Amino acid sequence: MINKKNDDYCYYQARYNIRKYRKLANITSQELADKSGFTHQFIRNLESLKLVARPRLDSLSRIAKALNIELRQLFDDIDE
């Protein structure tokens with residue numbers, strides 16, 4: 001896991017929480033891609049905790065909307 005003091009931690013939180021809320025919504029990554037207007041590969045890459053992806057805020061906003069959550073929820077603390 002990335003250190004909380006690292007600049008990339010907020011991106012790690014968002015990627016982790018995208019997967020968490022997608023699973024809570026009981027939808028596949030393909031369904032999230034369809035709902036948000038992104039490709040399946042883009043969603044899979046975001047959810048990959050091995051990559052250090054830096055998605056744009058407007059992209060995260062579209063994903064949050066597709067998940068029916070508030071954008072701020074993507075930055076919730078990680079409960080691992």
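User: What makes the handedness of the crossing where helix 2 passes helix 4?

Analyst: Helix 2 passes helix 4 in a right-handed crossing; a crossing has that name if the near helix is turned clockwise from the far one by less than a right angle, and is left-handed if anticlockwise. This is a predicted model, where local features need pLDDT of at least 70 and side-chain atom pairs pLDDT 80 or more, while totals for chains, interfaces and linings use all residues. Residues are numbered from 1 along each chain as its sequence is written, and side-chain values use heavy atoms, with hydrogens and water left out.

User: Why are helix 2 and helix 4 called roughly perpendicular?

Analyst: Look at the angle: the axes of helix 2 (residues 29–36) and helix 4 (residues 57–66) cross at roughly 110° and come within 9 Å. The label covers 65 to 115 degrees (under 35 is roughly parallel, over 145 roughly antiparallel, the rest oblique), so helix 2 and helix 4 count as roughly perpendicular.

User: Which residues make that contact?

Analyst: Helix 2 brings Leu-32, Lys-35 and Ser-36, and helix 4 brings Arg-62, Ile-63 and Ala-66 (contact means heavy atoms within 4.5 Å). Sorted by type, that's three nonpolar, one polar and two charged.

User: What makes Asp-8 and Arg-54 a salt bridge?

Analyst: Their closest N and O atoms are 2.6 Å apart, and the rule asks for a side-chain nitrogen of Lys or Arg within 4 Å of a carboxyl oxygen of Asp or Glu. Asp-8 sits in the segment before helix 1 (9–24) and Arg-54 in the loop between helix 3 (40–47) and helix 4, so the pair ties together parts 46 residues apart in sequence. By this rule the count comes to four salt bridges.

User: How do you know whether Asp-8 is buried or exposed, and what about Arg-54?

Analyst: Asp-8 has 15% relative accessibility, so Asp-8 counts as buried (buried is under 20% relative accessible area, exposed over 50%, partly exposed in between, with a 1.4 Å probe and protein chains only). Arg-54, at 52%, is exposed.

User: Where are the partners Arg-22 and Glu-47?

Analyst: Arg-22 is in helix 1 and Glu-47 in helix 3, 25 residues apart. Their closest N and O atoms are 2.6 Å apart, which makes a salt bridge. Arg-22 is at 9% and therefore buried; Glu-47, at 6%, is buried too.

User: And why does Arg-56 with Asp-58 get the salt-bridge label?

Analyst: Their side chains meet at 2.8 Å, N to O. Arg-56 counts as exposed at 57%, and Asp-58, at 40%, as partly exposed.

How values were computed
Axes are lines fitted to C-alpha atoms, for helices over the stretch in contact, and angles run from 0 to 180 degrees between N-to-C directions. Helices (H or I, at least four residues) and strands (E, at least two) are DSSP runs, numbered from the N terminus. Ala, Val, Leu, Ile, Met, Phe, Trp, Tyr, Cys and Pro count as nonpolar, Asp, Glu, Lys and Arg as charged, and the others, Gly among them, as polar.
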